[in-house]
Amino acid sequence: MADAGDLYTSWRWTQDSHPGGVGVAPAAQVDDAVAALARALPDLTDPQGLHRSLTTGAFSGYESEHDLAQLLSRTFLPFGLARQLHELFTRGVRPHLRIQPSPRVAQVPWELIAPDAGLRLVDIADVSLLAPLSIVHSPGRPVRTWTDCHRLPVVAVLDPRVPGFRADSVLGSVLGRMAEDSPLSQRFATYTDDDRLLPAVDRPLDVFRREDVDRAWLGAALREGAGRLVYVGHVTAAAPESGQSEHAELHLACAADAVGFAEPTRAHRPLSAKDLLLGTHTLTEEPIRGADLWPIPSRVALIACESGGDLRFSEALGLVSAMIAGGAELVTASRWALPTDLAFQHIAGAAPHARPLQDAICSIDAAHELPDAVGALCAWQRDRVAAWRDERTIEHSPVLWAAFATVAVP
């Protein structure tokens with residue numbers, strides 16, 4: 001996709017199995033669709049943004065969300081491509097659609113758009129995003145494949161304690177108090193039993209809310225050899241209009257005196273995409289490359305608010321790009337802010353036992369364990385579409401699960 005006032009989309013089929021094509025969406029139509037989507041998303045810069053998204057926004061009810069999904073499809077899915085996909089669908093063929101969006105439409109949930117009433121794009125195609133080619137083909141980029149790495153440990157940074165911030169503060173706990181029988185605790189207990197989890201813990205609960213999972217620990221764990229990285233916590237980033245995608249930051253348990261490019265906040269210095277890309281260049285007398293300090297494993301899950309936001313920048317050098325530059329071949333991240341389980345319960349009135357965020361983390365983690373992670377993630381989203389269509393209750397709303405996109409190296 002390319003922005004030139006109007007939005008131009010070109011597509012082609014591998015091995016020329018079908019004719020390719022070009023589509024164009026008028027600028028005014030694109031602006032209207034993007035604005036409608038923005039009104040539906042959780043806006044954490046607005047004190048009422050999350051409340052509005054969960055209670056009155058388009059994602060709060062099935063009919064209003066379906067209307068939005070049809071608007072997005074009419075605007076962004078070229079008719080010629082939609083016809084080809086539908087023809088394959090009627091023959092029982094589900095192709096893999098790889099999308100390289102322009103920055104203006106990077107938050108569009110492609111899987112969710114509705115080419116026809118009751119039919120979503122993920123129903124007729126597996127969907128992933130293409131990693132920026134400038135990153136994929138950058139000189140010296142290491143390559144770590146799942147075939148070679150799938151038996152290596154899982155490095156998990158789960159809701160770390162950020163120095164200087166209480167559990168109920170802006171950088172506090174995203175998971176809340178964990179129980180041994182919670183879905184996420186039981187999920188990571190399987191890695192403990194198989195001796196595949198870093199940090200190595202005696203009890204699964206000990207992997208959450210740790211104070212020692214800082215950048216030094218993360219680097220040491222990754223250098224030991226890892227197949228996957230799972231991060232659940234906070235991400236902050238500059239606004240797209242700033243052009244500073246490299247300022248996206250992971251909030252680990254790093255103290256303010258840690259070496260890095262990000263400015264300290266209270267007793268804490270975040271780990272930025274710039275750190276991952278440049279390492280200690282200009283910061284130490286003997287600089288070390290970021291890819292050497294933090295050798296990124298084959299697969300990465302970044303479960304945090306707008307962790308995949310670098311695709312909204314004209315030059316994508318945020319966390320997803322930094323992970324790919326460091327060796328990852330597949331990264332699942334979020335297009336927008338994520339409501340917590342507590343928000344679903346207290347704001348939207350979800351049942352006390354509902355854990356949409358924990359369930360999403362478990363499903364993403366399980367998919368990353370499989371050879372075809374993209375196919376597994378799309379199968380999960382198809383299941384979520386069906387639950388949303390049938391139950392139409394807020395815990396099944398795509399306001400959470402449609403936020404996740406998978407960026408893959410072709």
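Residues are called buried under 20% relative accessible area, exposed over 50%, and partly exposed in between (1.4 Å probe, protein chains only). The model is predicted: local features need pLDDT of at least 70, side-chain atom pairs count only at pLDDT 80 or more, and totals for chains, interfaces and linings use all residues. Residues are numbered from 1 along each chain as its sequence is written, and side-chain values use heavy atoms, with hydrogens and water left out.

By the accessibility cut-offs, Arg 203 is partly exposed, at 40% relative accessibility. Its salt-bridge partner is Asp 206, with the closest N and O atoms 3.0 Å apart. A salt bridge here is a side-chain nitrogen of Lys or Arg within 4 Å of a carboxyl oxygen of Asp or Glu. Asp 206 is also partly exposed, with a relative accessible area of 29%.

The structure holds 22 salt bridges. One of them joins Asp 31 and Arg 104 at 2.8 Å, N to O. Asp 31 lies in helix α1 (residues 27-40) and Arg 104 in the loop between β4 and α5 (121-124), so this pair ties together parts 73 residues apart in sequence. Helices (H or I, at least four residues) and strands (E, at least two) are DSSP runs, numbered from the N terminus. Asp 31 is partly exposed at 41%; Arg 104 is partly exposed at 27%. A salt-bridge network links Arg 187, Arg 196, Arg 228, Asp 365 and Glu 369.

Eight strands build an open sheet of mixed pairing, in the order β4-β5-β14-β13-β12-β8-β6-β7. Its edge strands, β4 (96-99) and β7 (197-198), each pair on one side only. Two strands count as paired if DSSP finds at least two bridges between them. Strands β12 (residues 299-303) and β13 (residues 330-334) pair in the parallel sense over three bridges. Val 331 in β13 is the bridge partner of Val 300.

Helix α15 (residues 373-391) packs on the sheet and touches β4, β5 (126-130), β12, β13 and β14 (404-408). Contact means heavy atoms within 4.5 Å. A salt bridge connects Arg 382 and Asp 126, the closest N and O atoms being 3.0 Å apart. Arg 382 belongs to helix α15 and Asp 126 to strand β5, 256 residues apart. Both residues, Arg 382 and Asp 126, are buried.

His 51 is found in helix α2 (residues 49-55). His 51 is partly exposed, with a relative accessible area of 38%. Leaving aside residues up to four places away in sequence, His 51 touches Thr 56 and Ile 347.

Methods
Axes fitted to C-alpha atoms, helices over the stretch in contact; angles between N-to-C directions.
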